Amino acid sequence: MGNPMKIRAAVKDGVTEVKILMQHNMETGLRKEADGKLVPAWYITDVTAQHQGRTVLEAQLGISISKNPYLVFGFKGGAAGEKITVSWVDNTGDKRSDVAEITA
Amino acid sequence: MNTSNVKKIILVLALATSYAAVAGEVSDSDKIAQYREMISDGNPADFDEMRGEELWKTASGPKNATLQQCDLGKGAGVVKGAYAELPRYFKDTQKVQDLESRLLTCMTTLQGIPEEEITARPFSSDTKQSDISSLATYVVGQSKNVKMNVLVKNPKEKEAYEIGKRMFSYRAGPYDFACSTCHATSHVRIRMQDLPNFFDKKDAQSAYTSWPAYRVSQGLTRSFQWRLNDCYRQQRFPEPKFASEATIALTMFLAVSANGADYAGPGLKR
């Protein structure tokens, strides 16, 4: 199980802006250690965000994304107090899911 | 060519210049500032702060103690605002100490961890995070928006300040370099990086208060001791000893030059 994410969601004028900071090494699989051995690929492949059971974001990440990815998106709707759930899956099958409350 | 034609050409030229000035290239440092603003809400240093807080509150070491009784200068266990007054003179050790040397004292005395064990990993690496570095990130985060107020009152504090000031301009090494070679002139840069002039109050304040910081290019949060260590590496000096008197003296000089500004770290660097 991966490390916790930091999620902030705020609604303004009917649009909820969600900011997600993920903790992940995002290894490309192309980098070599000092001993010449390849560092195995290890990166988030899919990110999903759900608001009250409705999927509001589906993203496919890859090796071009930096370590500790930061993702910001907006969606129509959402009200203060409602929950937003963000989940990711990485190429090793590891998963992480965190919940945040929408603020006004 | 008649006069009206000449006038037209001048008008066109004038328009062209003003257009260029308006559309003018956004300078590299402005672009970096834009980028910083974009990601300022998502500073991964937060994770290091969380890690540090956990370490602070978790009992460990041979004495199985937490660091919650650690005196950072504002009394045992007071973390809030402590960093904004460091380095300072400590009676118990009879030394001027910066944050990391003070953490070292607390970890050895309260937790009983041997000093060599801590200084063996003073900085984080790709594969392993440094505990003392994470602890430092946590402590500095508790001084966010606190006004820098580093005093130079005690004779030892005065001595450290004077040594630090001299070290800043001390030229040596194979490149005959000093800190002041790069940091005593305004509006100069190395590649994309604007270099702060430490003799300029504003520059010194914004530079000092933005460290420790998360380095995007390294994917790690870096402490102030690391910053000095890397400055000396770039100057081709011998590697300074972690939390040594010399690094504390230099930190003293730099911290005092930032007095009056609100501490803004942990920062975010390219």
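In what order do the elements of chain A run from the N terminus on? They run β-β-β-β-β-β-β. The elements are DSSP runs, numbered from the N terminus, with at least four residues (H or I) for a helix and at least two (E) for a strand.

This is a predicted model, in which local features need pLDDT of at least 70, side-chain atom pairs count only at pLDDT 80 or more, and totals for chains, interfaces and linings use all residues. Residues are numbered from 1 along each chain as its sequence is written, while chains are lettered from A and ligands numbered from 1 in the order in which they are written.

## Chain A

Chain A holds seven strands and zero helices. Its C-alpha trace spans about 55 × 20 × 20 Å along the principal axes. Of its 104 residues, 26% count as buried. A residue is buried if 20 or more other C-beta atoms lie within 10 Å of its own, exposed if 12 or fewer do, and partly exposed in between, with the C-beta atoms placed from the backbone.

Contacts are also judged from C-beta atoms placed from the backbone: two residues are in contact if these atoms lie within 7 Å. Among the contacts in chain A with a separation of 6 or more, 54% are between residues 24 or more positions apart.

Chain A also touches chain B: nine residues of chain A are in contact with eight residues of chain B. On the chain B side, the residues divide into four nonpolar, two polar and two charged. In this scheme Ala, Val, Leu, Ile, Met, Phe, Trp, Tyr, Cys and Pro count as nonpolar, Asp, Glu, Lys and Arg as charged, and the others, Gly among them, as polar.

## Domains of chain B

Chain B is divided into domain 1, residues 1-42, and domain 2, residues 43-269. The bounds come from an automatic or database domain assignment. Taken over C-alpha atoms, the centres of domain 1 and domain 2 of chain B are 41 Å apart. Seven residues of domain 1 of chain B are in contact with four residues of domain 2 of chain B. On the domain 1 side, two of the touching residues are nonpolar, three are polar and two are charged.

## Helix packing and cores

In chain B, helix H4 (residues 99-109) packs against helix H6 (residues 131-141) at an angle of about 115°, and their axes are 10 Å apart. Axes are lines fitted to C-alpha atoms, for helices over the stretch in contact, and angles run from 0 to 180 degrees between N-to-C directions. Leu99(B), Glu100(B), Leu103(B) and Leu104(B) of H4(B) meet Ile132(B), Leu135(B), Ala136(B) and Val139(B) of H6(B). The residues of this contact divide into seven nonpolar, no polar and one charged.

Which residues have the most contacts inside the largest nonpolar core? They are Tyr83(B), Leu103(B), Val139(B), Met252(B) and Ala255(B), in a core of 51 residues. A nonpolar core is a set of buried Ala, Val, Leu, Ile, Met, Phe, Trp, Tyr and Cys residues joined through C-beta atoms within 7 Å. The elements of chain B that give two or more residues to this core include H4, H6, H9 and H11. The largest share, eight residues, comes from H11(B). A second, separate core has 19 residues, including Ala9(A), Val47(A), Ala49(A) and Trp88(A).

Not counting residues up to four places away in sequence, Tyr83(B) touches Leu99(B), Val139(B), Val140(B), Ser143(B) and Tyr263(B). In helix H9 (residues 201-208) of chain B, Ala204(B), Gln205(B), Ala207(B) and Tyr208(B) are buried. H11 of chain B is part of what covers the buried residues of H9(B).

## Backbone exceptions in chain B

Most residues other than glycine have a negative phi, and most peptide bonds are trans.

| Cis peptide bond | Omega |
|---|---|
| Leu86(B) to Pro87(B) | near 0° |
| Gly265(B) to Pro266(B) | near -10° |

Pro87(B) lies in the loop between helix H3 (45-57) and strand E1 (88-90). Pro266(B) is in the loop between helix H11 (245-257) and strand E7 (267-269).

His187(B) has a positive phi, near 55°. This residue is in the loop between helix H8 (179-183) and strand E3 (188-190). Why does His187(B) count as exposed? His187(B) counts as exposed because it has 10 C-beta neighbours inside 10 Å.

Ala243(B) has a positive phi of about 60°, and its place is in the loop between helix H10 (224-234) and H11 of chain B. Ala243(B) counts as buried because it has 23 C-beta neighbours inside 10 Å.
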